Amino acid sequence: MTTPVCTSASNAAVPARQTLPYASFSSYMRARQPVLLRTARSLTGNPSDAEDLLQTALAKTYVAWERIEDHRALDGYVRRALVNTRTSQWRKRKVDEFACDELPEPDPVPGRDDPAEQQALRDAMWRAVMRLPARQRAMVVLRYYEDLSEAQTAEVLGVSVGTVKSAVSRALGKLREDAELGLVRN
């Protein structure tokens with residue numbers, strides 16, 4: 001004997017539009033997803049794996065939503081979930097190694113730089129940013145590393161938008177003239 005799928009007619013009266021139990025989670029997720037995805041990409045190195053990792057971490061956050069007392073610290077909670085999830089994935093990973101006569105090196109793709117050169121450029125850029133005065137460094141980091149708008153950067157630092165524009169412009173000029181960056185780029 002089969003069990004009916006709809007057990008009562010009262011279920012049919014439920015409105016078609018249902019809301020999520022945690023509307024604040026939905027708005028948090030929409031607002032912070034790009035930043036958290038960048039963090040996930042830095043952990044995995046692969047955009048597809050990063051999306052999966054972020055989805056898993058957000059699912060864990062959703063389950064714990066009621067237990068999280070301080071919603072101002074959600075980014076830290078999700079980042080910790082990202083790191084813990086990635087660590088668990090890494091530990092469970094099965095690695096198959098095969099002995100071979102030659103190392104399988106990928107053919108160089110025209111137009112792409114060597115990953116080691118890209119890393120050297122990133123390292124040199126970060127050292128150049130660290131040589132900037134503290135105020136300019138803070139504005140460059142907020143503006144380009146944290147991807148805040150000029151208005152958001154001004155609000156965070158308690159200065160005017162014009163101050164942010166001029167300070168960032170001067171900082172970028174210093175970075176363009178940085179000798180170490182010039183050596184790495186050439």
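This is a predicted model: local features need pLDDT of at least 70, side-chain atom pairs count only at pLDDT 80 or more; totals for chains, interfaces and linings use all residues.
**Aspartate 147.** At 53% relative accessibility, aspartate 147 counts as exposed (exposed is over 50% relative accessible area, buried under 20%, partly exposed in between, with a 1.4 Å probe and protein chains only). Aspartate 147 sits in the loop between α5 and α6 (150-157). I noted that its phi is positive, about 60 degrees, although aspartate 147 is not a glycine. Most residues other than glycine have a negative phi.

**Ground rules.** Residues are numbered from 1 along each chain as its sequence is written, and side-chain values use heavy atoms, with hydrogens and water left out. Local features need pLDDT of at least 70 and side-chain atom pairs count only at pLDDT 80 or more, while totals for chains, interfaces and linings use all residues.

**Whole chain.** I found eight helices and zero strands (DSSP runs numbered from the N terminus: H or I of at least four residues for helices, E of at least two for strands). Of the 186 residues of the chain, 24% count as buried. I also looked up contacts (heavy atoms within 4.5 Å). Residues 24 or more positions apart account for 56% of the contacts in the chain with a separation of 6 or more.

**Cores.** I looked for nonpolar cores (sets of buried Ala, Val, Leu, Ile, Met, Phe, Trp, Tyr and Cys residues joined through side-chain atoms within 4.5 Å). The largest has 17 residues, and Leu54, Trp65 and Leu82 have the most contacts inside it. Two or more residues of this core come from each of α1 (23-44), α2 (47-63) and α3 (74-92). Another core, of eight residues, lies apart from it and includes Ala128, Leu132, Ala171 and Leu175. I then listed what tryptophan 65 touches: Tyr22, Ser24, Phe25, Tyr28, His71 and Leu74, not counting residues up to four places away in sequence.

**α4 against α5.** Helix α4 (residues 115-130) and helix α5 (residues 134-145) pack at about 140 degrees, with axes 9 Å apart (axes are lines fitted to C-alpha atoms over the stretch in contact, and angles run from 0 to 180 degrees between N-to-C directions). That makes α4 oblique to α5, because angles under 35 degrees count as roughly parallel, over 145 as roughly antiparallel, 65 to 115 as roughly perpendicular and the rest as oblique. I noted Met125, Trp126, Val129 and Met130 of α4 and Arg137, Val141 and Tyr145 of α5 as the residues making the contact.

**Helix α7.** In α7, I found Val164, Ala167, Val168, Ala171, Gly173 and Leu175 buried.
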